[in-house]
Amino acid sequence: MRVSKKAILAELQRVYPDAGPELNFSNPYETLVAVMLSAQCTDKQVNKVTPALFAKYPTVEAMAAASVEEVYPMVRSCGFKTKASNIVEACRIILHRHGGQVPGDMAALTALPGVGQKTANVVLANAFGVPTIAVDTHVFRVSNRLGLANAKNVEATEEQLKKAIPQKDWVAAHHWLIFHGRRVCHSQRPACAACTLQGMCKAYDTAQKTGTAVLSPKAKKETASAAAAAKKPGKAAEA
Ligand code: SF4
């Protein structure tokens, strides 16, 4: 099956012309806090807690002066207490090291507690307009299924996507892939029958040829482990 990456990207753009951030924020400080809260949590849930949070702590200075005990009850529905302590600590560092301004570079962002490369990429793209491709679970899954990447981890996926996609489209492509992952190409049960990219999709093509379903990354791992175990001496004899 030969499909150009350009054709896949053009179809994603056609289907999701208005794709963009689904978190609500209005400045770099709010972007950073919202993205930190969104790790292992839905954007919808984050959007429920941030209006009250940003009303009470509208600036880096206000958050830096807060105690974790005050902040945690307000963000509890988004996850562990560590998130609250990371946010407060990150704001204290931003206040003291960066004059209260969220830094706009990767090294300074990833030096903050609770901020990894993916979070930093999202902040850089959305708050500073820096061209990046943040690879979250949706971008990883969908880009590898479609064949835009062929990688086993997020770092390699990011590198391959940067090569496959023109830099001017990096931020938009990140949103196209997230929208497709949330709306159609679900992890467990991708809606291939309703997918307009079906005829261009490497995973769908493979599934058709092998007579299997498109597998979730977890199911793929389990199938690979089972196949490896079956090949081990002794197992083969049992079979
Ligand atoms: S055909 Fe299926 S696996 Fe491929 S992108 Fe569409 S929904 Fe995902």
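Guide: Thr-42 lies in the loop between H2 and H3, where helices are DSSP runs of H or I of at least four residues, strands are runs of E of at least two, and both are numbered from the N terminus. The model is a predicted one, in which local features need pLDDT of at least 70 and side-chain atom pairs count only at pLDDT 80 or more, while totals for chains, interfaces and linings use all residues. Residues are numbered from 1 along each chain as its sequence is written.

Thr-42 is partly exposed because it has 13 other C-beta atoms within 10 Å; a residue is buried with 20 or more such atoms within 10 Å, exposed with 12 or fewer, and partly exposed in between, the C-beta atoms being placed from the backbone. Although Thr-42 and Cys-78 are 36 residues apart along the chain, their C-alpha atoms are separated by 8.1 Å. The loop between H2 and helix H3 (43-56) also holds Gln-40, a residue that is not a glycine and yet has a positive phi of about 60°. Gln-40 counts as exposed, because it has 10 C-beta neighbours inside 10 Å.

If we leave aside its neighbours within four places in sequence, Met-36 is in contact with Lys-83, Asn-86, Ile-87, Gly-114, Val-115 and Thr-119, where contact means C-beta atoms, placed from the backbone, within 7 Å of each other. From C-alpha to C-alpha, Met-36 and Ala-84 are 9.3 Å apart in space, while 48 residues apart in sequence.

Helix H2 (residues 28-37) packs with helix H8 (residues 117-128) at an angle of about 150°, and their axes are 10 Å apart; axes are lines fitted to C-alpha atoms, for helices over the stretch in contact, and angles run from 0 to 180 degrees between N-to-C directions. Sorted by class, the contact of H2 with H8 has seven nonpolar, three polar and no charged residues (Ala, Val, Leu, Ile, Met, Phe, Trp, Tyr, Cys and Pro count as nonpolar, Asp, Glu, Lys and Arg as charged, and the others, Gly among them, as polar).

Another pair of helices crosses elsewhere, for the axes of H9 and helix H11 (residues 170-183) come within 8 Å and cross at roughly 85°. H9 and H11 are therefore roughly perpendicular to each other, a term for angles of 65 to 115 degrees, whereas angles under 35 count as roughly parallel, over 145 as roughly antiparallel and the rest as oblique.

Helix H9 (137-146) and helix H12 (202-210) each supply at least two residues of the shell around the ligand. This shell has 14 residues, the closest being Cys-185, Pro-190, Cys-192, Cys-195 and Cys-201, and a residue is near a molecule if its C-beta atom, placed from the backbone, lies within 6 Å of it. By class, the shell around the ligand divides into twelve nonpolar, one polar and one charged residue.

Taken as a whole, the protein chain has 14 helices and zero strands, and 35% of its 239 residues count as buried.

Note on methods
Two residues are in contact if their C-beta atoms, placed from the backbone, lie within 7 Å.
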